[in-house]
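Thanks for coming. Please have the sequence and the model open while I go through a few parts of the fold.

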Amino acid sequence: MALRLDGKTLASTVEGRLTAVVDAFMGDVGRPPGLAVLRVGDDPASAIYVANKEKACARVGIASFGAHLAAETPADEVLSTIQTLNADSRVDGILLQLPLPKGLDERPLLEAIDPAKDADGLHTLNLGRLLKGEPGPRSCTPAGVIALLRSNGIDPAGQRAVVIGRSILVGQPMALMLQAANATVTVTHSRTADLAAHTREADIVVVAAGRPGMVGAEHIKPGAAVVDVGIHRKPEGGLCGDVVAGEVEPIAAALSPVPGGVGPMTVTMLLVNTVVAWCRRHGNDHGLEDLIG
């Protein structure tokens, strides 16, 4: 059976490292790292995500400065809130919770976030830094995937990797991070002809298509490592991913579970970006290079 890529356990380990960093520098800095999560509207899933992020902040010692605006809030008011957070010296990281209510364009709002406080790594400047291999906050989900692979002894260097999905949130930065780790990368998507022909050649498959049960046994070669980024509610209850786990698990060498795989690491990498930004602002050596490289 496939090795379980346990994101929950790894997230707990990384949180311990972050707590040690915060404790080490709190006295010199005089305040904890600060993360502001800006939520607009009342999307139920977003409410759960934000609550989980606030709990994670509390475990590590990060101060939360969340803001919740009504769904009908005009764009200029959301922009003003972001600008206020940019100017707040207590805030080291800012996250705009997506999706936004209909009528709000996320692009100018993401661009308004101070790149140094961009906790989700989605500002154009930071995506450009990723492309050029320069330091900067990394997109949380793909950074979590890389950490999950490496912590389980799966080195992408020299491997053939296929990413299913080309979103700016996961697929595109995932491909860039795998390339930076010296993998040979193919990006596939909903219009790719004969998807299985590509994935069956891959040593590493990262599935971020947003379609439940899209990838089954016919897509995976024996011994591949499979990372399932998708998470969906099943009509009969419970959760599933983009991968049919029951089919893939006997074939793959490693598989991330849903839930408990990528999800916990996404939240943890948000904390990593915040603590690293806090350290950089004050010239402290965080020692977290293995998580942000």
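S6 and S8 pair in the parallel sense over 4 bridges. Pairing here means that DSSP finds at least two bridges between two strands. Helices (H or I, at least four residues) and strands (E, at least two) are DSSP runs, numbered from the N terminus. One of the bridges between these strands has Val162 with Val205 in S8 as its partner.

Before going on: this is a predicted model, where local features need pLDDT of at least 70 and side-chain atom pairs count only at pLDDT 80 or more, while totals for chains, interfaces and linings use all residues. Residues are numbered from 1 along each chain as its sequence is written, and side-chain values use heavy atoms, with hydrogens and water left out.

Now the other neighbour. S6 is joined to S7 by 5 bridges, and these strands run parallel. Arg160 has Thr184 in S7 as its bridge partner. Is S6 enclosed or open? Of its 5 residues, 4 are buried, so S6 is largely enclosed by the rest of the structure. Buried means under 20% relative accessible area, exposed means over 50%, and partly exposed lies in between (1.4 Å probe, protein chains only).

Together, S6, H7 and S7 make a right-handed β-α-β unit. Right-handed means that, with the strands pointing away from the viewer, the path from the first strand over the helix to the second runs clockwise.

Arg4 has Leu255 in S12 as its bridge partner.

Leu125 is located in H5, residues 124-132. Leu125 has 41% relative accessibility, so it counts as partly exposed. Leu125 and Val29 are 96 residues apart in sequence, and 27 Å apart in space from C-alpha to C-alpha.
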